[in-house]
Amino acid sequence: PVTARLWTDRFLLLVALAGGIGGASAWIGAVVSALLPRQPAGAVIVLAAGGVFALSLIASPRRGAVARAWRRWRLRIRIEGDHLLESAFVHEVPVGASIARELDRTVRERRWSGWFRATVLASLRREERLQGGELRLTAAGLDRGRTVDRNHRLWEAYLVTHADIAPSHVDWSVDQVEHALDPALVARLEAVLANDARDPHDARPDDAETSA
């Protein structure tokens with residue numbers, strides 16, 4: 001069942017997979033035990049089941065170690081690209097202009113290696129947020145930079161006004177979260193802050209704060 005859980009979230013399919021894995025492990029163990037002298041069937045069956053589990057733990061498409069590492073890597077690339085686009089927006093780089101200066105600044109601040117820099121730029125080109133060897137900013141890139149900067153300021157304001165965190169201590173938390181705010185959560189945060197602006201003496205937590 002643990003092995004099957006690595007492959008599916010559906011209960012009936014999990015039951016079927018668990019039975020199939022158990023039957024296959026028993027068959028493999030019995031065959032190997034019959035072919036090799038002095039190899040007890042029970043122990044070989046356990047080893048076969050353990051081998052299937054180990055393979056699943058590494059290779060399953062959603063919960064496997066390889067898939068998880070790939071998702072973390074893609075998220076890191078996206079976040080670092082967002083930093084570059086946010087820098088371009090903050091420094092008012094127009095659409096079609098080169099972001100070479102912002103790139104140099106971001107590389108120094110974020111300590112990118114040469115190959116990591118190339119990977120981030122390739123990702124931004126693939127998403128059509130940068131163009132050409134001159135690294136010209138596109139409309140999509142400027143829009144993404146604007147969105148990240150807006151999320152940054154929104155989350156920062158929320159932490160200061162509702163989490164009682166000093167403004168000088170919110171940078172790390174904001175840097176971790178600003179890239180992951182989905183539109184629904186952004187809308188809720190805006191509603192909370194807008195309500196506070198209308199009636200600052202009656203501000204109190206609601207579902208939006210709990211979700212955040």
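With which residue does Arg110 form a salt bridge, and how far apart are the closest N and O atoms? Please also describe the helices around that pair.

Analyst: The model is a predicted one, and its protein chain has an average pLDDT of 85, with 83% of the residues scoring at least 70. Residues 200-212 have a pLDDT below 50, and in the model this stretch makes 17 contacts beyond near neighbours in sequence.

Arg110 forms its salt bridge with Glu80, and the closest N and O atoms are 2.9 Å apart. Because Arg110 belongs to helix H5 and Glu80 to helix H4, the pair ties together parts that are 30 residues apart in sequence. The structure holds 11 salt bridges.

Next come the two helices that carry this pair. Two packed helices are described by the angle between their axes and the distance between the axes. H4 covers residues 65-90 and H5 covers residues 100-110; their axes come within 9 Å and cross at roughly 130°. That angle makes H4 oblique to H5. The crossing of H4 with H5 is right-handed. On the H4 side the contact is made by Glu80, His83, Leu84, Ser87 and Ala88, and on the H5 side by Glu102, Leu103, Arg105, Thr106 and Arg110. By class, the residues of the contact between H4 and H5 are three nonpolar, three polar and four charged.

H4 also packs with helix H7, residues 139-162, at an angle of about 95° and with the axes 7 Å apart. This makes H4 roughly perpendicular to H7. From H4, the residues Arg78, Asp82, Leu85, Glu86, Phe89 and Val90 take part. They meet Gly141, Leu142, Arg144, Gly145, Arg146, Val148, Asp149 and His152 of H7. The contact of H4 with H7 has five nonpolar, three polar and six charged residues.

Helix H2 (residues 11-35) and helix H3 (residues 41-59) pack at about 130°, with their axes 8 Å apart. H2 and H3 are therefore oblique to each other, and their crossing is right-handed. The residues of H2 in this contact include Ile21, Ile28 and Val32, and those of H3 include Val44, Ile45 and Val52. Here the division is 11 nonpolar, three polar and no charged, whereas the contact of H4 with H5 has four charged residues.

Conventions:
Residues numbered from 1 in each chain as written. Predicted model: local features only at pLDDT ≥ 70, side-chain atom pairs only at ≥ 80, totals over all residues. Heavy atoms only, no water. pLDDT = per-residue confidence, 0-100. Contact = heavy atoms within 4.5 Å. Axes fitted to C-alpha atoms, helices over the stretch in contact; angles between N-to-C directions. Helix = DSSP H or I, 4+ residues; strand = E, 2+ residues; numbered from the N terminus. Parallel < 35°, antiparallel > 145°, perpendicular 65-115°, else oblique. Left-handed = near helix turned anticlockwise from the far one by under 90°. Nonpolar A, V, L, I, M, F, W, Y, C, P; charged D, E, K, R; others polar. Salt bridge = Lys/Arg side-chain N within 4 Å of Asp/Glu carboxyl O.
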